[in-house]
Amino acid sequence: MIPDIRIEDFTYELPEERIAKYPLERRDSSKLLIYKDGVCKEKVFRDLPQELPSDTIMVFNDTKVVPARLFFKRDTGAHIEVFCLKPHEPAEYGTVFNSTETCVWHCVVGNVKRWKGDILSYDCPEDSALKAVSLKAELVERQDETALVRFRWQTGIPFSSVLEMCGRVPIPPYLNRETEAIDLERYQTLYAHIRGSVAAPTAGLHFTEDVLDAIRDKGIDTENVCLHVGAGTFLPVKSSSISGHTMHCEPFVVSKALLKDIVESHKKIIAVGTTSVRTLESLYYVGVSCIEQGEPQDVSQWCPYERDYGYSLEESLQAIINYLENNNLDEVSVSTRIIIVPGFRFRVVDMLITNFHQPQSTLLLLISAFVDGDWKTIYNFALENEFRFLSYGDSSLLYRR
């Protein structure tokens, strides 16, 4: 049954001054709220390793933020911003970034009404190298809230290099400022590896090499998944009930090795960030599709609530492993729209490292589901103890209730 949850029940007063507009000088100097058995305490993030149980698996999202904001100019002088969301032609991230002449993306276009279908030129008045690239944008098709845009360029460089040269990092809109030099480094995790996100998995921004080394020295297994974070992560819930909200679709990849580790080790799982949670919890339903349909299927928004599934986690994950082995594959690659709200049954994740999220957001509902409705205890503690909020803010370690 689709949950009928009022979004107004998941709000709190977030003063503007509590939103962290910039990162701290050191990644691991942020505050760390630890929530366990209904009790909160305050630490510093560099203390995280000593707070974790050793016989666990910590899962990171190793997606990499791409500089996806591009600024063009019409012959009339009007400026048009084009924000790349996901590739369309070719549709695979690895392939599209290696394109050397042209590609098509789903984009959000600023001032789209002022774009009359003419071909736009990248706005680079003084830079000879950028002029040589001669980046152009052509409006292929207007869609509901997005548009298909074809990019063309010269010099034969891959599109990944075009974005590095021409694009800007798309920092969150609630920072209310333009991208600055510091964001190029700090709005990216140290372990970011696979290009594709237009928003950072911000729980990982606190990790330093020292913290990662200390985690491994403690005997904690560290593993990666990859979910490319879409701009939909910032979309507000506009409906009065969560049942009226449409979740965004995001692609993810999980290795056979991690699936086997979860099944065979029976260790507790620590997810770094809500994107890792959504990836890991989606795996159960991917496994169900392998059992019932013979192959992995994308995970729909409400499938966790539609019926009572009779399979164990081990049966479900083993079905994915069997599919991969029968098809000589090393990883499963699908997409998920899963929404995690109160009433969700967690099957994989036991602990969560995450930042503090916006009022009335799907991420706050995920937190509430994880701590069995006790989110106000956590957020009141953070507000009363001067924690910094949102993407560049402080962190928390939450034990599932």
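Helices are DSSP runs of H or I with at least four residues, numbered from the N terminus. In this predicted model, helix α6 spans residues 209-217 and contains both Asp213 and Arg216, which are three residues apart, about one turn of the helix. Their side chains meet in a salt bridge, with an N to O distance of 3.8 Å. Asp213 is partly exposed at 38% relative accessibility, and Arg216 is also partly exposed, at 42%.

The structure holds 25 salt bridges. One of them joins Lys41 and Glu51, whose closest N and O atoms are 3.3 Å apart. This pair links distant parts of the chain, ten residues apart, with Lys41 in strand β2 and Glu51 in helix α1 (residues 48-51). Lys41 has a relative accessible area of 40% and is partly exposed. Glu51 has a relative accessibility of 16% and therefore counts as buried, the cut-off being under 20%.

A further salt bridge connects Glu81 with Arg69, with 2.7 Å between the closest N and O atoms. Here too the pair links distant parts of the chain: Arg69 belongs to strand β5 (residues 69-73) and Glu81 to strand β6 (residues 79-89), twelve residues apart. Arg69 is buried, with a relative accessible area of 12%, whereas Glu81 is partly exposed at 24%. Both residues take part in a network of salt bridges that also links Arg168 and Glu178.

Nine strands form an open sheet with mixed pairing, in the order β2-β1-β17-β16-β14-β3-β12-β13-β15. Strands β2 (39-44) and β15 (331-336) stand at the edges; each has a single partner strand, so one side of each is left without a neighbour in the sheet. From one strand to the next, the twist averages 20°. Within the sheet, β3 (residues 56-61) and β12 (residues 221-227) pair in the parallel sense over five bridges. Ile57 has Asp221 in β12 as its bridge partner.

Helix α11 (residues 362-370) packs on the sheet, where it touches β16 (351-354) and β17 (395-399). The direction of α11 makes about 150° with that of β16. In helix α12 (residues 375-384), the buried residues are Trp375, Ile378, Tyr379, Phe381, Ala382 and Leu383. The elements covering these buried residues include helix α11 and the strands β1 (31-36), β2 and β17. Glu386, which follows α12, has a positive phi, near 60°.

Technical notes
Residues numbered from 1 in each chain as written. Predicted model: local features only at pLDDT ≥ 70, side-chain atom pairs only at ≥ 80, totals over all residues. Heavy atoms only, no water. Pairing = 2+ DSSP bridges. Helix = DSSP H or I, 4+ residues; strand = E, 2+ residues; numbered from the N terminus. Axes fitted to C-alpha atoms, helices over the stretch in contact; angles between N-to-C directions. Contact = heavy atoms within 4.5 Å. Buried < 20%, exposed > 50% of the residue type's maximum accessible area, 1.4 Å probe, protein only. Salt bridge = Lys/Arg side-chain N within 4 Å of Asp/Glu carboxyl O.
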